[in-house]
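Opening the notebook on a new chain today. I want to look at the rings, then at the overall build.

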Amino acid sequence: MASSSSSDILILAIGVVLAALYLFKDSIFPSSKSKAVPISTSKNLPNGSGNPRDFIAKMKESKKRIVIFYGSQTGTAEEYAIRLAKEAKQKFGLSSLVCDPEEYDFENLDQLPDNSAAIFVMATYGEGEPTDNAVTLTQNLSDESFEFSNGGRDLSNLKFVMFGLGNKTYEHYNAIARKVEADLMAMGAHRIGERGEGDDDRSMEEDYLEWKDGMWEAFAREMGVEEGQGGDSADFVVTELETHPPEKVYLGELSARALTRTKGIHDAKNPYASPVLASKELFEVEASRNCVHIEFGIEGSGIAYQHGDHVGVWPSNPDLEVVRLLCALGLYNKKDTVIGIESLDPALAKVPFPVPTTYATVLRHYIDISAVAGRQILGALSKFAPTPEAEAALKALNTNKEEYNQVVHDGCLKLGEVLQLAASNDITSYPTPENTTAWNIPFDIIVSSIPRLQARYYSISSSPKMHPTTIHVTAVVLKYESIPSQKVNAKWVYGVGTNFLLNVKFAATGEQAPMIAEPGKAQPATVSVPSYAIEGPRGAYKQETMYKVPIHVRRSTFRLPTNPKSPVIMIGPGTGIAPFRGFVQERVALARRTVEKNGPEGLADWGKIYLFYGCRKSTEDFLYKNEWPGYTAELGGKFSMHTACSREPPYKPDGSKIYVQDLIWELRDEVAKAVLDGKGYVYICGDAKGMAKSVEEVLQRLLGEAKGGSGEVEGAAEMKLLKERSRLMLDVWS
């Protein structure tokens, strides 16, 4: 009986082994053929066979010789990609395929024909990171194991153009454009012309204009084309619709789901109309500025967030600028006319907003008419001037860079104001059809030339562990004086996003917006702050006394260490404190659970939490001043806040102001010990140009000296190591 059983087991075992060998034969006995790259199936299909991710097939089908890939986080790189495509068509008659790299595969990049070229428009995001839609592209190009359709990594037939978008106040200026270029050239690709680099801190537009002419000359030589083969051609056809169901007309809705009021996932393409559950002014009455605290409700929305994330707020343009441009375009009396817009080449220029809509809706909700007018657009519009004098004025601003900078750039003039100024209208009077000269500019050119109105992003100032159904925002309201010139007096300039939020706050709390004095003048206050159509399309953003704001959440890597035993050092003057309020709340929520389970001694081995904060005066702009003592108590002495009030005593011995970097230096021994011995984490949030740079210099110096060396050598090495290990993280802006 035993031997029979053993035989059965042996036979069964042999059967299992044979079955396994058959099932896994490809893995155990690999074929001699080269292994296929499991990124895409397009290279195994003739001409893509309709594969929507095959850009080569699309180029062949539509007879395009240029493919343009853009890495864009906020839409700016996409705008420049479209501009390059339009210029290629106007100059040389060459059509382009403008591609979001997230929607395409790259293993057939080596198949780009010899008479074609690729253009890369790459923004650098965060700490030298690719934008979300360019992650796969950058990984494919740098990954040695990624193979193109030829079975290797040979791009010697590829000709490409590179334009990067960055900000010099950040350490990793244009890092992605440089990295992508280096990867392409390492595989044999040939760059056409010089790499262009736009600096958002200086003037992205001027950097682009200075670069593009030389690039196009090199492009013409490499591609064997001559300028003049193209011509002016419209991107869109705008049609006035006499009859259309009113319920199908977009009046500011940001998505089809918003128009039909159907449920769906809320993201950048379908923002959530979030109710404003609370709002208040954070600065004291004596302050000359505003700082708004707003709490957005997200219960039932499906939106989730983590501490350190950003919230995108979708504003509208102020009423004054909408009316001004309607008058300047001669459309004021047709503002509510329903229009349809169709792209003449969807691969080149998609209609950037939902249609059908109205003239007024486009200017109010969909395009950024509040931005400073670009120099290039003025040349294109001069041919539509109402008088020879207006044409000459606009051409002068287009061709004379110095005059443009003095009048338009320094004067912060929007397009409507420039058109009024060129036509000798009074830009200080409230615009009407009677006092504003109409320009006969085709509306399709306005749609083509002015970028889409984008969301404004703010660091979330709450923790979901303490506030799971609300998102808090802390925003200083942007208001400053323009620089006067011989043609334009100084005026108040208002940031679109923060003044939109201020309007919402006034309405939600039932306050009257205050009057202010004109720049450079004493009282009386005669200037009103901008007003906005905060009720939203069809009144969708107002329910009785409740207001709503369209929002979405953008993920961030700005996170606390998961282990509370790690020391944390946070530096955030001004509204740079916003994410750190969320950080501290996150730790407080964890401390509550820990104390409830293990008692106060459960916090004994936690690392110290330092917060270095700066403001002007403790009696004026100390944000959340009354909250911090409570957090300190709940964290059992593990949390300490160090505040520099720059415009009140104490001052330095020489009478100069004290800032956060000075407080860090005073505690240099503690900070160095927390970082070097405690393996602590350092976070910086706020102004990139001044504060962040000064803080990094102090950190570098104290770490270098703590290691027995200098800031320039040992300190720099330690800072580099901290960044590589994500123990020094920045959330900064210029």
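How many aromatic pairs does the count come to? I got 26 aromatic pairs, bearing in mind that this is a predicted model.

Next I checked where the two residues sit. F558 is in the loop between β21 (546-554) and β22 (568-571), while F580 belongs to helix α17 (residues 578-598), so the pair ties together parts 22 residues apart in sequence. Buried or exposed, I wondered, for F558 and F580? Both F558 and F580 came out buried.

Still on rings: I found a cluster in which ring pairs link F55, F69, F106, F120 and F160.

Then I went to the whole chain. I noted 22 helices and 26 strands in the protein chain. The radius of gyration is 29 Å, close to the 27 Å from the globule rule for 734 residues, so the chain is as compact as a globular protein of that length. Along the principal axes, I have the C-alpha trace spanning about 110 × 70 × 55 Å.

I looked up burial too: 51% of the 734 residues count as buried. The accessible surface comes to about 33900 Å², with 52% of it belonging to carbon and sulfur atoms. Of the contacts between residues at least 6 apart in sequence, 76% join residues at least 24 apart.

Last entry, charges. I have 80 positive and 95 negative side chains, and the centres of the two sets lie 2 Å apart.

Conventions
Residues are numbered from 1 along each chain as its sequence is written. Side-chain values use heavy atoms; hydrogens and water are left out. Helices (H or I, at least four residues) and strands (E, at least two) are DSSP runs, numbered from the N terminus. The radius of gyration is taken over C-alpha atoms; the globule rule is 2.2 Å times the number of residues to the power 0.38. Buried means under 20% relative accessible area, exposed over 50%, partly exposed in between (1.4 Å probe, protein chains only). Contact means heavy atoms within 4.5 Å. Accessible areas come from the Shrake-Rupley method with a 1.4 Å probe; for residues, only the protein chains shown count as cover. Lys and Arg count as positive and Asp and Glu as negative; His and the chain ends are not counted. The place of a charge is taken as NZ of Lys, CZ of Arg, CG of Asp or CD of Glu. Rings of Phe, Tyr and Trp (its six-membered ring) pair if their centres lie within 6.5 Å; planes under 30 degrees apart count as stacked, over 60 as edge-to-face and the rest as tilted.
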